[in-house]
Amino acid sequence: MKDVIYKTALLNSKPERLEMNVESKVTKDKMEEGDYGYLKGYVYKEFHKIFPDKDFVKYWLEYNKLGNFKISDNVETVGGISEEAHYIMRVITEYHILQAFKAMKVDLSDPNVGGDKGTAYRIAKMYCGDGLEDDSELLSGRWAKRPQMATFPNENRQKHPITKRVDIVSVCSHHLAPFSTLFRDGAYAIVSYVPDYNVLGISKLQRIVDWVSRRGHLQENLTKMIYDEVSAAAKTKSVYVKLVGLVHTCESLRGTQSNQGSFTSEYYAGDFEKYEIRREVNG
Ligand SMILES: [Zn+2]
């Protein structure tokens, strides 16, 4: 039965190839020959290690039909993805990173780089995330499910700003090099809002910020995107976001190698257009 599914998946391959693949001679070495038929066979094998009873063809097609989306967006903008198709994406990414290492003449016999679950595997995980629940990798916010944000009625209709300090971990879309509040004393980020009818469960704010940040961004666009998410969750436009003194490693560790540079950005609307309120939350 499995062979039948397999042959469907490898429809475009030559018959000789099919025989080889069906006999499970698809190895990483063969895969490195750069043949797309081998790649499909390799993905099929890896897929069934994790999802032994799942229909490979269904998820292979799902992956291949998925549209491209911006490096700063989440997959929900193109309709979402299943855990199975995400895994296929991750295996294919690992394959192409391995090809890049070969192009760069990297010695893959080095046990710190090559082998099963070597550096290509680790980079693929770092860029793709470890599934749809993972929010801890550098680009996992492109694939992770949106965190649920609890809201409560603002019973006393209090109109005082609610402010939280958060950490930012992001990567620049130009180099995929990290920028963060964590690299320098005195760097921080503030998210504040004036509640209208709803109050947010504030402990989730960091999760929303992580979900948005862990993608490829320009800092000024990230600032606006955090504003948009908090504004939508709290159902108010009176939101203030300020990212203060973030170090961009593409600048501090390469290129100009300046260790003086840091970047501050802010975005606000509604009640925060009054200077006194901005000064208060910056206090
Ligand atoms: Zn950069």
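How many bridges join β3 to strand β7 (residues 216-217), and do the two run parallel or antiparallel? Two bridges join them, and the strands run parallel.

The model is predicted: local features require a pLDDT of at least 70 and side-chain atom pairs count only at pLDDT 80 or more, whereas totals for chains, interfaces and linings use all residues. Residues are numbered from 1 along each chain as its sequence is written.

**Figure 1. Overview of the protein chain.** The secondary structure comprises 11 helices and nine strands, where helices (H or I, at least four residues) and strands (E, at least two) are DSSP runs numbered from the N terminus. Of the 283 residues, 30% are buried; a residue is buried if 20 or more other C-beta atoms lie within 10 Å of its own, exposed if 12 or fewer, and partly exposed in between, with C-beta atoms placed from the backbone. Among contacts with a separation of 6 or more, 68% link residues 24 or more positions apart. Two residues are in contact if their C-beta atoms, placed from the backbone, lie within 7 Å.

Figure 2. Strands pair if DSSP finds at least two bridges between them. Strand β3 (residues 169-172) is joined to β4 (residues 178-180) by three bridges, in the antiparallel sense, with V171 opposite P178. These two strands form a hairpin with five residues between them, and L176 in the turn has a positive phi of about 55°. On the pairing with β7, C172 has H217 as its bridge partner.

Figure 3. R165 is located in strand β2 (residues 162-166). This residue counts as partly exposed because it has 13 C-beta neighbours inside 10 Å. Five bridges pair β2 with β5 in the antiparallel sense, and R165 has I190 as its bridge partner in β5. Not counting residues up to four places away in sequence, R165 touches Y188, A189 and I190. R165 and L205 are separated by 40 residues in sequence and by 9.4 Å in space, C-alpha to C-alpha.

**Figure 4. The mostly covered helix α8.** Seven of the nine residues of α8 (residues 205-213) are buried, namely L205, I208, V209, D210, W211, V212 and S213. Their cover includes β2, β3, β5 (188-193), β6 (198-200) and α9 (219-234).

**Figure 5. The buried side of helix α7.** In α7 (residues 119-128), the buried residues are A120, A124, Y127 and C128. They lie on the same side of α7 because they cover an arc of only 85° around the axis, the arc being that of the directions from the helix axis to the C-beta atoms. These buried residues pack against α6 (83-103). G129, with a positive phi near 80°, follows α7.

**Figure 6. The largest nonpolar core.** A nonpolar core is a set of buried Ala, Val, Leu, Ile, Met, Phe, Trp, Tyr and Cys residues joined through C-beta atoms within 7 Å. The largest has 53 residues, and I88, I226, V230 and V239 have the most contacts inside it. Helix α6 gives the most to this core, with seven residues. Domain 1 (2-142) and domain 2 (151-282) both give residues to the core, so it lies between them; the domain bounds come from an automatic or database domain assignment. Leaving aside neighbours within four places in sequence, I88 is in contact with V43, F47, Y59, W60 and Y63.
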